[in-house]
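Here are my notes on the model, as numbered points. Please read them with the structure open.

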Amino acid sequence: MTNPAQATQEAASGASGNGAGAAVGALPNLVVIGAQKCGTSGLHYYLSLHPEISMSRPKELNFFIEERNWPRGVDWYRRHFDPAARVRGESSPNYTAYPQHEGVPERMHELVPDARLIYLVRDPLERIAAHWVHNYAKRRERGSLRETLTHPQTSYIERSRYAMQLERFLHLYDRDRVLVIEQDELRRERQATLRTVFEFVGVDPDFTHPRFEDERHQTARKMRSSRLSLRLEKASRSRGGKVLPSSLWLGLDTLLPLRRPIARPDVRGALRPDDLAVLREDAERLQELTGREFENWSIWR
């Protein structure tokens with residue numbers, strides 16, 4: 001396996017590090033850095049529809065995270081991008097999960113210093129609620145709502161500290177290379193917002209597509225899986241389960257009481273006053289960094 005630090009230097013000089021003398025794939029010039037549960041899946045999808053843009057598959061490469069895919073080396077990363085594309089991008093919300101994942105901006109800037117970054121944000125409390133619903137649906141909670149949100153091994157609050165996360169990138173990337181988008185803009189003013197994004201990354205801003213109307217990953221549709229459901233899902237992915245027709249697994253999902261709706265969590269009531277103060281102070285810093293008001297955010301109330 002190629003040493004990541006050595007591979008970074010080789011990539012910068014145009015070498016692939018594979019001994020063949022020719023680079024494989026390409027490096028990205030666009031990275032959607034988060035935030036989690038702020039519309040990154042939707043944006044990744046809409047970007048992929050543009051003929052001048054090639055987005056990675058899978059969406060989340062998590063390459064610049066030491067504990068995830070950084071040890072795989074630069075050659076592995078390059079293979080996910082089309083060198084013929086004008087814009088090559090990936091979307092990994094875990095890049096803005098400090099301090100859970102450290103050193104991400106530094107690794108990113110060392111390898112792709114000229115990349116453009118996009119950061120999606122939303123009401124901090126709404127983001128926490130969606131994050132909790134996502135994990136609760138998969139039975140990943142850690143006790144009560146308050147215990148889960150404030151548990152030292154979770155990142156609910158830190159991922160909603162957008163200014164803190166963003167400042168770590170702005171220490172290395174010029175402000176004009178970072179675009180901050182509010183999720184509501186992508187939902188309610190999609191064509192205008194995508195035009196802004198296309199202009200930012202340097203492709204035809206007038207491009208449109210019928211699938212821009214598609215909605216992706218709506219939190220309101222999340223259902224909590226029963227333990228039986230989780231066992232069946234695991235079985236369906238096993239070697240033996242893949243032999244059975246998918247219609248069988250879908251039929252079981254329909255006939256058995258495997259999931260139930262999830263009630264909207266009272267995040268404000270669950271957080272401590274100090275936690276709310278931290279989020280409010282961070283939102284004020286985000287206002288200063290972006291020159292925007294975010295006046296509809298519930299954190300101000």
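This is a predicted model: local features need pLDDT of at least 70, side-chain atom pairs count only at pLDDT 80 or more; totals for chains, interfaces and linings use all residues.

1. Start with helix α2 (residues 40–48) and helix α10 (residues 190–201). Their axes come within 12 Å. They cross at roughly 70°. The two helices, α2 and α10, are therefore roughly perpendicular to each other.

2. Which residues make the contact of α2 with α10? From α2 come Leu 43, Tyr 46 and Leu 47. From α10 come Arg 190, Leu 194, Val 197 and Phe 198. By class, this contact has six nonpolar residues, one charged and no polar.

3. Aromatic pairs deserve a look. The count comes to 16. One of them joins Phe 198 and Phe 212, with ring centres 6.3 Å apart and 40° between the planes. That geometry is tilted. Phe 198 belongs to helix α10, while Phe 212 sits in the loop between α10 and β6 (223–225), so the pair ties together parts that are 14 residues apart in sequence.

4. Phe 198 has 0% relative accessibility, so Phe 198 counts as buried. Phe 212 has 2%, so Phe 212 counts as buried too.

5. Phe 63, Phe 64, Trp 70, Trp 76, Tyr 77, Phe 81 and Tyr 95 form it.

6. Arg 168 is one of the buried residues of helix α8.

7. How much of helix α8 (residues 162–170) is buried? Seven of its nine residues are, and the helix is mostly covered. Besides Arg 168, the buried residues are Tyr 162, Ala 163, Met 164, Gln 165, Leu 166 and Phe 169.

8. Last, check Leu 145, in helix α6 (residues 145–149). Leaving aside residues up to four places away in sequence, Leu 145 touches Trp 132, Pro 265, Asp 266, Val 267 and Ala 270. Trp 132 is 13 residues from Leu 145 along the chain, and their C-alpha atoms are separated by 8.3 Å.

Terms used
Residues are numbered from 1 along each chain as its sequence is written. Side-chain values use heavy atoms; hydrogens and water are left out. Axes are lines fitted to C-alpha atoms, for helices over the stretch in contact, and angles run from 0 to 180 degrees between N-to-C directions. Helices (H or I, at least four residues) and strands (E, at least two) are DSSP runs, numbered from the N terminus. Angles under 35 degrees count as roughly parallel, over 145 as roughly antiparallel, 65 to 115 as roughly perpendicular and the rest as oblique. Contact means heavy atoms within 4.5 Å. Ala, Val, Leu, Ile, Met, Phe, Trp, Tyr, Cys and Pro count as nonpolar, Asp, Glu, Lys and Arg as charged, and the others, Gly among them, as polar. Rings of Phe, Tyr and Trp (its six-membered ring) pair if their centres lie within 6.5 Å; planes under 30 degrees apart count as stacked, over 60 as edge-to-face and the rest as tilted. Buried means under 20% relative accessible area, exposed over 50%, partly exposed in between (1.4 Å probe, protein chains only).
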